[in-house]
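Below are my notes on the model, as numbered points.

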2 protein chains.
Amino acid sequence: MAGNEAKTVVMITSPLEAEHAARIATAYPEQVEVIYRPDLMPAIRYLGDHGDPDWRRTPEQEREWHALLARADALLDFPQHEPRPLLELAPRLRWVQTTSAGVGPLVQRLGLANSDLVVTTASGIHAQPLAEFVFAALLYHSKELGRLQCEQQARQWHRFCGVELAGQTMAIVGPGRIGQEVVRIARAFRMRAVAMGRNADPERAAALGLDRLYGRDELHAMLAEADCLVVCAPQTTETDGLLGDAEFTALKPGAVFVNIGRGAIVDEAALARALEAGWIAFAALDVFQTEPLPADSPFWALPNVLINPHSASTVDTENRKLTDRFIANLGHFLRGEIDQMAPALDKRRGY
Amino acid sequence: MAGNEAKTVVMITSPLEAEHAARIATAYPEQVEVIYRPDLMPAIRYLGDHGDPDWRRTPEQEREWHALLARADALLDFPQHEPRPLLELAPRLRWVQTTSAGVGPLVQRLGLANSDLVVTTASGIHAQPLAEFVFAALLYHSKELGRLQCEQQARQWHRFCGVELAGQTMAIVGPGRIGQEVVRIARAFRMRAVAMGRNADPERAAALGLDRLYGRDELHAMLAEADCLVVCAPQTTETDGLLGDAEFTALKPGAVFVNIGRGAIVDEAALARALEAGWIAFAALDVFQTEPLPADSPFWALPNVLINPHSASTVDTENRKLTDRFIANLGHFLRGEIDQMAPALDKRRGY
């Protein structure tokens, strides 16, 4: 159809609730054709599900899927399990809006790091739920809720002395959008907040609401004063394996550890050792080197570990916010305002 | 000793760590004699313990204790289990500094409501740990930490969609010092905050950081919009039995209920019914009509209840803060600045 050829073709390539797809379809109906084919994607298991990684298309479905991809100018999400390079399958592709923030390693793996493809991410959308999970974990530990539930089952009433978050020092690796949200809430709890980041000048520390911003070479000094250590950094060549035996030993004894960044930032064997020794009192982990977490991981059985199956960022409001962002970016894309599309992945830095 | 007769006699009448007693003894050594007799009080079971209620003095200890009480001008805490009216046992007594905030009913019970005794309370000291417990409870429920721990034990990895505190409405009964701390943190979590209080004018609502302050006759309207209801009111004739079947039915279905005020504010049978029906999704209870909670209470076995043995306010910093306050008030007391002693119990209002 000649009329359609002039339209920008947008393809939704991971599961999205129909109401959000409808909003995208009606945002710029004269200029945009939206391809939304739930029948060619995994079923939605829960709100905000971006797709069962084990699901596969039939060969017939795969042919239809690739015929559609070949027409796409823009994608909402990177499609999974593609047999050939994305730009071969989708030669017209100029923009991908992702549904997660930490997509640097994925873009590298897809061979797109040096391409002209515009990649906008979900950075910021998950900041609130992830920050909430950080405090869920800290308060679960410091208010001894697990022990209280055990005592309740035994109908035991033992008064006790708890611990306050107030006055504790929270240390953050990676003070980006998530970290800033964590700092803001930590302040409300009257905690000190410090972080390690690329650019450690005092002005930036103040802008981030931090008591102190450590440089990258000062990681161990920061760890020594951390009552809790929160990793919200993206996975990059600089953060890969950042925290190992030496770092956990440098940590203040009895600290709490929370990882909502990426599993590859942590040497998991070293973390398990520190938890077994009680040097780290408690860890809450949302991300792992291998996901789903393998059945033989020591974390499953450690009594001082709380495992979240990489769902801390998933909340019922997520796809509404993501769709709002996609529609705003789509407007810029249609008007050629590429530099206003946000937040754009810096493919060199990887986040 | 004649020299001592001119001194103000301060008696510490509930367990206090020796370091804090020493600070009191050295604050005004020329003017004050401090009676600190751990051997005549229950042993300290945990930091901040104000005494095992089951402990009793021997008759010989009791005689010595009463001889000391007879000399006291001021007490740090109301002594427990006294066989005769306090002002008979301690005829010189002019001031009691309590170790808790909600002492209105106790002062009534002791027959001191119409006395000239100055009573200063711990109001404010427990605001921070109690507010922390409120968010521990809300986040435990909304982040499904109990379920996550069960799945972890079964080594199951099931991604899921959670709930955000952001955007929820928190409703507070009793926006005093504790409630204001709760509101401040709720704001950081990007929640709406409303409350019901005596004086519902918009200026006061703004000062408290509230989106809306309901009057006492508007309780049901407030309950209808509450995603979580937090009781931090003191027990008074106005709050006694305030929340019963009608109020829990008026509550938004699926709400979370937290009581850090006093047990007598709640009809416990009505609360148990609302929890069994699932109308209230989850309750965290720090206070009860009878404490310790009787073995036959339905709350022990309800899976959607978290019981705290009235220890949410007890943290390791408590007695340091309390001692600071006592020493400051003692200075005012010695200088006759009675109206500067704070916070004073309003014996008529009961808080």
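1. In this predicted model, the axes of helix α2 (residues 18-27) and helix α13 (residues 318-334) of chain B come within 10 Å and cross at roughly 15°. Axes are lines fitted to C-alpha atoms, for helices over the stretch in contact, with angles from 0 to 180 degrees between N-to-C directions. α2(B) and α13(B) are therefore roughly parallel (angles under 35 degrees). Helices are DSSP runs of H or I of at least four residues, and strands are runs of E of at least two, numbered from the N terminus.

2. From α2(B), His20(B), Arg23(B), Ile24(B) and Ala27(B) meet residues of α13(B), among them Phe326(B), Ile327(B) and Leu330(B). Contact requires C-beta atoms, placed from the backbone, within 7 Å. The residues of this contact comprise five nonpolar, three polar and two charged (nonpolar: Ala, Val, Leu, Ile, Met, Phe, Trp, Tyr, Cys and Pro; charged: Asp, Glu, Lys and Arg; polar: the others, Gly among them).

3. Between the chains, 47 residues of chain B are in contact with 47 residues of chain A. α6(B) supplies the largest share of the chain B side, eight residues. By class, that side has 27 nonpolar, twelve polar and eight charged residues.

4. Chain B superposes on chain A by a rotation of 180° with 0.0 Å of shift along its axis, RMSD 0.1 Å (least squares on C-alpha atoms of residues with pLDDT of at least 70 in both). That is the relation of a two-fold axis. Of the interface residues of chain B, 100% are also interface residues in chain A, so the copies meet through the same surface.

5. Residues are numbered from 1 along each chain as its sequence is written, and chains are lettered from A and ligands numbered from 1 in the order written. Local features need pLDDT of at least 70 and side-chain atom pairs count only at pLDDT 80 or more, whereas totals for chains, interfaces and linings use all residues.

Notes: Two residues are in contact if their C-beta atoms, placed from the backbone, lie within 7 Å. Angles under 35 degrees count as roughly parallel, over 145 as roughly antiparallel, 65 to 115 as roughly perpendicular and the rest as oblique.
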